[in-house]
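Thanks for making time this morning.

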Amino acid sequence: MEDRFGHRISYLRVSVTDRCNERCRYCMPEEMQEWLPRADVLSFEEIQRLILIAAGLGVDKVRLTGGEPLTRPGLVQFVSQLSALGCLKQIGLSTNGSLLTRTGPGGKSLAAQLREAGVTSLNISLDTLDPGTYAQVTGRDFLPRVLAGIDAGVAAGFDHIRINAVLMRGRNENSLLEMVEFAHARSLLLRFIELMPVSTTEVLNDKNFFPVREARRVLENSLGQLIPQPDFRTNGPATYYQIPGREQKIGFIGALTNLHFCETCNKLRLTCDGKLRPCLGSHLEVDLMGALRGGADDQALRAIFLDTIARKPEKHEFRENYQPGRRMIAIGG
């Protein structure tokens, strides 16, 4: 699949639930979130069917997201079914990490179960190592659980574990070096991410926005000049640098300040309520659930995918006074 701007689409991010056990303001509105009724969420069978159609069009990487995907029962079995399809090179999962130590059959951690089921990589959200700040940012005192979950992920032997830290002035700008050392000690790939307008307008403002170029400058004051790694790529839009004197690489995701941010986009998003979104920073979304439950055959669903890709914008609208229509919790991380 290729859009009209030459983006080759090979990556589908699939939200399996809008529910989460944390309350991060940059993802969820501060007021009480009303969860979708179960009937309004795609079943695992429906998601699998849509993934098969996407795979037939060239998608070979899928990332399961939420909300918090580990709150949905049956996820491990679903991953096993996806892996058995044989059409995906990578199955990733994005999580806050707080549930990875839960034990199941045979006393195995949820991290170990996911790895055995076929998950190849984990993205774990961790914005700070300070317990007080963590509780302020997430609304939950879960930092010890998350740190234990990261260690469980390391022990499970995933191909890749990436730590995603959202930059927030007044919250975590003084802990960047500590985060780098934490990731280095565990051989994890750390990425710093700019705030994006995906929750409510008051969350992202001049007071709390902390650009990646400033974060890089802070780190260089302690670590020395970071070495660009233009040939090092992952599935996302991060720009990577190597730390002098180490093998360690760190990434920066600057959706607002990087003017080339969208040039390598290769993804679509499927929300848990069955909307296909070609761009996070655009209100455009197409209803797949209605067609799916209305009796559409695979050819008709395939046509919806192709039509959505044909309408994929060249770049996001975040720099154009973008007003979020749906919260990140409802779109998928």
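Predicted model: local features only at pLDDT ≥ 70, side-chain atom pairs only at ≥ 80, totals over all residues.

Let me begin with strand 5, which gives three residues, the largest share, to the lining of the largest pocket. Residues are numbered from 1 along each chain as its sequence is written, and side-chain values use heavy atoms, with hydrogens and water left out.

A pocket here is an open set of points on a 1 Å grid over the protein atoms alone, with protein on both sides within 12 Å along at least five of seven lines, whereas a cavity is a set where a 1.4 Å probe fits but cannot get out; lining residues have an atom within 4 Å of a point. Grid points are joined across faces, edges and corners, and volume is the space filled by probe spheres set on the points. Helices (H or I, at least four residues) and strands (E, at least two) are DSSP runs, numbered from the N terminus.

With that settled, the largest pocket holds about 340 Å³ of space. Its lining has 20 residues, and those nearest its centre are His160, Ile161, Ser187, Leu188 and Leu189. Two or more lining residues come from each of helix 5 (143-156), strand 5 (160-166) and helix 6 (176-185).

Most residues other than glycine have a negative phi, and most peptide bonds are trans. The peptide bond from Gly66 to Gly67, for its part, is cis, with omega near 15 degrees, and Gly67 sits in the loop between strand 2 and helix 2.

Now to packing, where buried means under 20% relative accessible area, exposed over 50%, and partly exposed in between (1.4 Å probe, protein chains only). Which residues of helix 2 are buried? In helix 2 (residues 75-85) they are Leu75, Phe78, Val79 and Leu82, and, seen down the helix axis, they fall within an arc of 100 degrees, taken from the directions from the axis to the C-beta atoms, so they line one face of the helix. The face turned away from that buried side carries the exposed residues Gln77 and Ala84. In terms of contact (heavy atoms within 4.5 Å), the buried residues pack against helix 1 (44-56), strand 2 (61-65), strand 3 (90-95) and helix 3 (110-117).

Just after helix 2, Gly86 takes a positive phi of about 80 degrees, and this glycine is exposed, with a relative accessible area of 64%.

Finally, a nonpolar core is a set of buried Ala, Val, Leu, Ile, Met, Phe, Trp, Tyr and Cys residues joined through side-chain atoms within 4.5 Å. The largest has 76 residues, with Leu64 and Leu75 among those having the most contacts inside it, and its largest share, six residues, comes from helix 1. Apart from it lies another core, of 20 residues, including Cys27, Val137, Leu189 and Ile331.
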